[in-house]
Amino acid sequence: MTGYSPSALREIAGRVRYGAVHLGHRLRTERGDEAALSGNKLLVLGRLLREGPSTPGRIAAAERVSPQGLTRVFGELEASGHLIRRPDPGDARQSLLEITQLGVRTVTADVAQRDAWLAGALGGLTDAEIGLLALAAELMARLADE
């Protein structure tokens, strides 16, 4: 239980939201104009890279979207060679999506570019500020998974 009042929590929530949205926008701009894949495509590939093969339904549920909302994304990633679709050995009605080596290279390069910018920006902060951001990153990930 928190000692913060509901109005204080709303004010803090607004500041956290603003910071997260603003930083997210900046990270997207650091991808550059030549970014080959959309954010949704990178989201799917990133999940497959982290968690391994998955069904379209599990990916959609994890990202809190309908499977139909990602159907085109899955198809385009398959057509471009970034993922492959295989029959699910546990359920013949399902398919498993798996990231390819091209997909791994694409995600790795995209993340490296944005992480390089962010690491440079962090270099202008104090050790205490960097420590606070490291903790905040963990907390924000927990909130996102709520």
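In β2, Asp-91 is the bridge partner of Asp-88, and the two strands concerned, β1 (residues 83-88) and β2 (residues 91-99), pair in the antiparallel sense over 6 bridges. The model is a predicted one, in which local features need pLDDT of at least 70 and side-chain atom pairs count only at pLDDT 80 or more, whereas totals for chains, interfaces and linings use all residues. Residues are numbered from 1 along each chain as its sequence is written, and side-chain values use heavy atoms, with hydrogens and water left out.

**Strand pairing and chain pattern**

- β1 and β2 form a hairpin with 2 residues between them, where two strands are said to pair if DSSP finds at least two bridges between them.
- Another bridge of this pair involves Leu-83, whose partner in β2 is Ile-99.
- The protein chain has 6 helices and 2 strands in its secondary structure, which are DSSP runs numbered from the N terminus (helices are H or I with at least four residues, strands are E with at least two).
- In sequence order, the elements of the protein chain follow the pattern α-α-α-α-β-β-α-α.

**Gly-103 in helix α5**

- Gly-103 is placed in helix α5 (residues 101-122), and it counts as buried because its relative accessible area is 0%; buried means under 20% relative accessible area, exposed over 50%, and partly exposed in between, with a 1.4 Å probe and protein chains only.
- Apart from neighbours within four places in sequence, Gly-103 is in contact with Leu-45 and His-82, contact meaning heavy atoms within 4.5 Å.
- Gly-103 and His-82 are 21 residues apart along the chain, while their C-alpha atoms are separated by 4.2 Å.

**Two arginines in loops**

- Arg-31 lies in the loop between α1 (6-29) and α2 (39-51), and Arg-31 counts as buried because its relative accessibility is 11%.
- The contacts of Arg-31, leaving aside its neighbours within four places in sequence, include Leu-42, Asp-110, Gln-113 and Arg-114.
- Arg-31 and Arg-114 are 83 residues apart along the chain, yet a C-alpha separation of 6.3 Å is found between them.
- Arg-64 is in the loop between α3 (56-62) and α4 (67-79), and Arg-64 counts as exposed because its relative accessibility is 52%.
- Although Arg-64 is not a glycine, it has a positive phi of about 60°.
- Not counting residues up to four places away in sequence, Arg-64 touches Ala-144, Asp-145 and Glu-146.

**Overall form and surface**

- The radius of gyration of the protein chain is 18 Å, whereas a compact globule of 146 residues would have one near 15 Å; the value is taken over C-alpha atoms, and the globule rule is 2.2 Å times the number of residues to the power 0.38.
- The C-alpha trace of the protein chain spans about 50 × 35 × 20 Å along its principal axes.
- Of the 146 residues of the protein chain, 25% count as buried.
- Among contacts between residues at least 6 apart in sequence, 50% join residues at least 24 apart.
- The protein chain has an accessible surface of about 10000 Å², of which 59% belongs to carbon and sulfur atoms, as computed by the Shrake-Rupley method with a 1.4 Å probe.
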